[in-house]
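Me: I am new to this structure. Please show me how to read it, one feature at a time.

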Amino acid sequence: MRLADAYIAWIASYEASNPPSTAVLVTSSEGAADWSERQAGSTRWIGVCAGAASDPVSQAMMMFITFNTLVVRDRVDVAAAHREFLKIDEYRTRISRDTPGAED
C-alpha cells in the first residue's frame, strides 16, 4: 500500500500499569473508520500524510513521527506497530535492510 493511501487506527494504552496495546491497523480510510467503530475504548486514527507536504521526504518523516507517537506516547506494542507498518511500501524501503520485512 502506498503511504499516501494509508490510514492508521490504534487504541492507546495510557496507564503504565496496563500492558502495551496491540490494537493497531494500517488500512484504507474506510477500513480505519470501520475498525474504529468495532473497537471498544479510545480509538484514534489518522491519514499518515494528512496535512504533510507533498514531497516524499516530508511524507516519510510524518510516517516515522506517527510510528514514534504510537509506540512512545500511546504505548502501542512496537512489534504490533511494526507488523502493521510493513503494509506501507515506503516504510519497508526506508527501514534498516537487516530489519525483518525490509525491502531493497
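The dialogue below goes from the overall fold to single residues.

Reply: This is a predicted model, in which local features need pLDDT of at least 70, side-chain atom pairs count only at pLDDT 80 or more, and totals for chains, interfaces and linings use all residues. Residues are numbered from 1 along each chain as its sequence is written, and side-chain values use heavy atoms, with hydrogens and water left out.

Me: How many helices and strands does the protein have?

Reply: Helices (H or I, at least four residues) and strands (E, at least two) are DSSP runs, numbered from the N terminus. Here there are four helices and three strands, in the order β-β-α-β-α-α-α along the sequence.

Me: Which residues of helix H3 are buried?

Reply: Buried means under 20% relative accessible area, exposed over 50%, and partly exposed in between (1.4 Å probe, protein chains only). In H3, residues 78-85, the buried ones are Ala 80, Ala 81, His 82, Glu 84 and Phe 85. Their cover includes strands E1 (7-11) and E2 (24-27) and helices H2 (56-73) and H4 (89-94).

Me: Is Pro 56 buried or exposed?

Reply: Pro 56 lies in helix H2 and counts as exposed because its relative accessibility is 52%.

Me: Which residues form the cluster linked by ring pairs?

Reply: Rings of Phe, Tyr and Trp (its six-membered ring) pair if their centres lie within 6.5 Å; planes under 30 degrees apart count as stacked, over 60 as edge-to-face and the rest as tilted. The whole structure has four aromatic pairs, and ring pairs join Phe 64, Phe 67, Phe 85 and Tyr 91 into a cluster.

Terms used
Contact means heavy atoms within 4.5 Å.
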